[in-house]
Amino acid sequence: MRTSLVVYAAVIWVTAAALVVLDRAVGPLPSVRACIALLVGGGLVYAAAFGLVRVGRVRTAALLALVGTWVMAVGFVWVAPYTTPISILVLHVPSLLITGAFSLRARGGILLTTVALTGLLVGLGEARREGSAVEVALMPYLPLLTAAFTTVVAVLLVVGIRDHMQRLARRTADLRASQRRLALVSLETRREIERDLHDGAQQRLTTLAVDLGRVQRLWDDDPERARAIVAGMSAQLQEAIQELRDLAHGIYPALLGEQGLAGALPAVARRTTLPCVVDLRLARRHSPTVEGAVYFCCLEAVHNADRHSGGGRVTVEVRDDDGPSGADLWFRVHDDGAGFLVGERGSSHGLTGMRDRIQSAGGELEVESSPGSGTSVVGRFRADREADAAPPG
């Protein structure tokens, strides 16, 4: 998004500069000066959008750039109908390349609006052409200008679409690799659960069954001994229940299912040795898949910071109120520890596991760190990528 805004702004300012040179070379041209004014306005709009991106208001920035471009395209046709082919291409640039900040439904509305505006521009251009006269001094340059600027905008569209397709291909490849790793992890996890059940709760329950038979045989002949066995059975039963609870907590914590992230994450903070601050701004529950991915990723990130960062504080932020980068659900776990070079540890087992878990739930995960500056684990989800299942009641 940030790169796209910079490229579009650069093209706008270069085009404005080229028109200024043309205006000075052939004399004052009202239509050219009007186009320059529109370009300057568009450049300022894109500069403002870039500033909004830098402070995390990506969705607002995308909306500003989108509307600004539409106004600029309509303005071109109004003041200079001969720019209609260029204006139609300009109209489609943001609708194709910077709408990733919006939800799937909003993107559909933007595309429909763009199609409607395309027809409007054609009709407006034809209507204005009848009553508009091209400056005589501009006539020799008009075919060349139209061809040159149409080519520039077309190249911008093609390059942007190609970049989008490459990013989509990389994401698809990452998801497939994550699915393969998750399949192996799920198989190993199932074996671990079976082993834990067999070696833990199952053995205790088997012992309880044997003791229950002994109690039945001794109840009439030796009631004191039977009562002593029953007392021991009570302790074993509590231990078996606790083992089952611990095992279930590792699969899907009951507190997360009952209260969501708002209830489960503060409990994580209470189990750390480092001071841990939890900042939650959640307006609603999310799907169990997404909540589970966020919870376990935050859990691992907090424990890693607690054990390895060497810092003095951990901060957990989670929000769904149009959070940073336009995400519908966003989380960040940050520590002020020693940090590390992400390139050297980016493929470690722990980071790969967190990334796979978030990607499998439809999100994106980034790890930001450098020596001496601490570490941030940042995840983002968009509404149209979340699972549709309702939270457990």
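Predicted model: local features only at pLDDT ≥ 70, side-chain atom pairs only at ≥ 80, totals over all residues.
The protein chain contains 13 helices and five strands. Of its 393 residues, 40% count as buried. The accessible surface of the chain comes to about 20900 Å², and carbon and sulfur atoms account for 61% of that area. Among contacts in the chain with a separation of 6 or more, 73% are made by residues 24 or more positions apart.

Two packed helices are described by the angle between their axes and the distance between the axes. Helix 1 (residues 2–26) and helix 2 (residues 30–54) are treated here to begin with. The axes of helix 1 and helix 2 come within 9 Å and cross at roughly 160 degrees. Helix 1 is therefore roughly antiparallel to helix 2, since angles over 145 degrees count as roughly antiparallel. The crossing of helix 1 with helix 2 is left-handed. The residues of this contact comprise 19 nonpolar, three polar and four charged ones.

Helix 2 also packs against helix 3 (residues 58–79), at an angle of about 175 degrees and with the axes 8 Å apart. This angle makes helix 2 roughly antiparallel to helix 3. On the side of helix 2, the residues in contact are Ser31, Ala34, Cys35, Leu38, Leu39, Gly42, Val45, Tyr46, Ala48, Ala49, Leu52 and Val53. They meet Val58, Thr60, Ala61, Leu64, Ala65, Gly68, Thr69, Met72, Gly75, Phe76 and Val79 in helix 3. By class, the contact of helix 2 with helix 3 is made up of 17 nonpolar residues, six polar residues and no charged residues.

The crossing of helix 10 and helix 11 is right-handed. Helix 10 contributes Leu261, Ala264, Leu265 and Val268 to the contact, and helix 11 contributes Glu291, Val294, Tyr295, Cys298, Leu299 and Val302. These residues divide into nine nonpolar, no polar and one charged.

Two single residues were also examined. Aspartate 23 is located in helix 1. Its relative accessible area is 7%, so aspartate 23 is buried, the limit for this class being under 20%. When residues up to four places away in sequence are not counted, aspartate 23 touches Pro28, Leu29, Val32 and Arg33.

Glycine 379 belongs to strand 5 (residues 375–381). With a relative accessibility of 0%, glycine 379 also counts as buried. Apart from neighbours within four places in sequence, the residues in contact with glycine 379 are Leu329, Trp330, Phe331, Glu364 and Leu365. The C-alpha atom of glycine 379 is separated by 6.5 Å from that of arginine 332, although the two residues are 47 residues apart along the chain.

Notes. Residues numbered from 1 in each chain as written. Heavy atoms only, no water. Left-handed = near helix turned anticlockwise from the far one by under 90°. Helix = DSSP H or I, 4+ residues; strand = E, 2+ residues; numbered from the N terminus. Contact = heavy atoms within 4.5 Å. Nonpolar A, V, L, I, M, F, W, Y, C, P; charged D, E, K, R; others polar. Axes fitted to C-alpha atoms, helices over the stretch in contact; angles between N-to-C directions. Parallel < 35°, antiparallel > 145°, perpendicular 65-115°, else oblique. Buried < 20%, exposed > 50% of the residue type's maximum accessible area, 1.4 Å probe, protein only. Areas by Shrake-Rupley, 256 points an atom, 1.4 Å probe, with all protein chains shown as cover.
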